[in-house]
Amino acid sequence: MIDKVTDVKPVSNSRTRPSGNFIKAVAAVLWKDLTAEFRSRELFSAMLVFSLLIILIFNFALELDIKTRQSVNAGVLWATFAFAGTLGLNRSMAIEKDRGCLDGLLLAPVDRSAIYFGKVLSNLAFMLIVEIIVLPIYSVLYNVNLFLPGLLLVILLGSIGYVGVGTLLAAMSVQTRTRDILLPILLFPVVIPVLLAAVKASSGILAGAELADILLPINLLIAYDVIFIAVAFMVFDSVVEE
Amino acid sequence: MPSKPLTLRILDIVSVIVLGISAYIALFVAPTELVMGDVQRVFYFHIGTAWTALLGFILAAGFSVIYLITKNLLWDRLQVAAIEVSLVFFLITIVLGSIWARPAWNTWWTWDPRLTTAAVTELIYIAYFMLRQGIDDPDRRARFGAVYALIGGLSAPITFFAIRLFRTIHPVVISGSNPEAEGAFSMTPDMRTAFFFALFAFTVVFIDLFWNRIRLGELQDKVEQLKLKVTM
Amino acid sequence: MFFQETTPDTSGYMIAGYTIAFVVMGLYVLSIYLRNRNLSQDMTILEEMDKSNAESEAGSANQRRKSPQSQGTK
């Protein structure tokens, strides 16, 4: 189990190529998270099982006929992703804090934002893997084809925005006394534009709407992703400094 | 703790007077609206609180940026005051919006962009205070508060525009006459007076409460410091 | 003209609205006032504690100045 930074490939100290340094740091963080998760699979299995249970609950909560259900498929999917996502974000950051990895990473001579990007990428990877598994299961359970390229794009963009802000907020919430409970409270109000746009675009794609209708929310997703990752990149330092 | 400066004492009294005058104008000078009746009068206070709370919200985001750059805790104190007062004002906005909606459109809530964004913003404010509550170190509290207020400050306007743009699948509240459904009604000159005076009055009240809250924050910081010193 | 409804009497809602507005603001003002008062009381207590701390420290400093002399004469 990787629990020391020394297990990770050392970052090159090339002062002549600072950008290479940065990318190497990001890759190091990503690699650490992925291999750790690959061995234990605790995050991943929890998120997956939770997602399936949420779908189950929605099935009983919204007893719908086939026609009405078509209008809520997008919403149910995104609600599932949103809830399961907090699980992954929480655990991912908690692991860092509990095992002292965060401190180790902070001691390394890298730009703090490299840690941010690394965490975002690993959290994104987990979320996407879970989503990729949930999609076929949902398709089968509700007899709806979810493997449309447009939909996959929307899921990708939405997940990026969600994880971009979520990683920053999780880094904060894990340092408070209330920890896990706080993340959804912080995250959900702020991530509403993502959910709005993603559901709008998703339901449009599933219903075969016109391109113009779908492009607008997709553009909003892209704008949101860019703005918030830029802001998080700038403030992440303040969040992890001692 | 130095006693209240004279300016602030005067401002306290002026705020009460100005608020009273605004209420008087809204209740007795402005004419009764034709379709909705008297309940429309809550609109003046509804907009008054909404506008100032929005101002406070933008201020708070600005304070975030300044604090993160200067790391001077003064800006944190200003931010807490701005958000707290805005939280109270937005609460009034939301409740009045609901009260207005009920007889006007036969529903306690409309998912229109303004009201929904107000609710979302209110939740962001509450989350802000819950975040701060869970942190003991004043420096970290200030930093985290600043980051969250900034993120929230950017997200809420986007929420507003998103709801507006996507003209959602939510059922549009239909009432007798369409202009009211959008929240628009033509204003007579007297109504305009009431409207602008309410804006003015609530701005004054906001500044007064804001200043008072800042002084409270100063006292809080002093007490905390002294506590540390004495119990060492 | 015969089809025009009379203006409905919604003054009940209006009164509720204004009452709530004033009550909420009043409660907030009260909250600031009470917090201020509590903190001021804390302040007075703390200042007294600080003063007595300073005095006792001064007292023990005096004693420390005296004792080396008494030890020196032994």
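Before we start, one definition: axes here are lines fitted to C-alpha atoms, for helices over the stretch in contact, and angles run from 0 to 180 degrees between N-to-C directions. Thanks for coming, everyone. This is a predicted model, where local features need pLDDT of at least 70 and side-chain atom pairs count only at pLDDT 80 or more, while totals for chains, interfaces and linings use all residues. Residues are numbered from 1 along each chain as its sequence is written, and chains are lettered from A and ligands numbered from 1 in the order in which they are written.

Let's begin where chains A and B meet. Helices, by the way, are DSSP runs of H or I with at least four residues, strands are runs of E with at least two, and both are numbered from the N terminus. The crossing of helix 8 of chain A and helix 5 of chain B is left-handed, a term for a near helix turned anticlockwise from the far one by less than a right angle, with clockwise being right-handed. On the chain A side, the contact is made by Ile192(A), Pro193(A), Leu196(A), Ala197(A) and Lys200(A). Among their partners on helix 5 of chain B are Ser155(B), Ile158(B) and Phe166(B).

Now the whole A-B interface. Here 24 residues of chain B are in contact with 24 residues of chain A, contact being C-beta atoms, placed from the backbone, that lie within 7 Å. Which helix of chain B gives the most to the side that touches chain A? Helix 5 of chain B does, with 15 residues. By class, that side of chain B has 19 nonpolar, four polar and one charged residues. In this scheme Ala, Val, Leu, Ile, Met, Phe, Trp, Tyr, Cys and Pro are nonpolar, Asp, Glu, Lys and Arg are charged, and the others, Gly among them, are polar.

What about chain C? Of the two pairs of chains in contact, B and C share the most contacts. Their contact takes 25 residues from chain C and 30 from chain B, and the chain C side divides into 14 nonpolar, seven polar and four charged. Chains A and C do not touch, and their nearest C-alpha atoms are 24 Å apart.

Next, inside chain B. This chain has seven helices and zero strands, and its C-alpha trace spans about 70 × 45 × 25 Å along its principal axes. Helix 2 (residues 42-70) and helix 7 (residues 189-230) of chain B have axes that come within 8 Å and cross at roughly 45°, and are therefore oblique to each other. Their crossing is right-handed. Residues meeting there include Trp51(B) from helix 2 of chain B and Phe202(B) from helix 7 of chain B.

Finally, back to chain A. Helix 3 of chain A (residues 66-98) bends by about 50° at Val72(A), the bend being the angle between axes fitted to the seven residues ending there and the seven starting there. After helix 3 of chain A comes Gly100(A), whose phi is positive, near 75°. Helix 3 of chain A also packs with helix 5 of chain A (residues 112-142) at about 145°, with their axes 10 Å apart.

Key
Angles under 35 degrees count as roughly parallel, over 145 as roughly antiparallel, 65 to 115 as roughly perpendicular and the rest as oblique.
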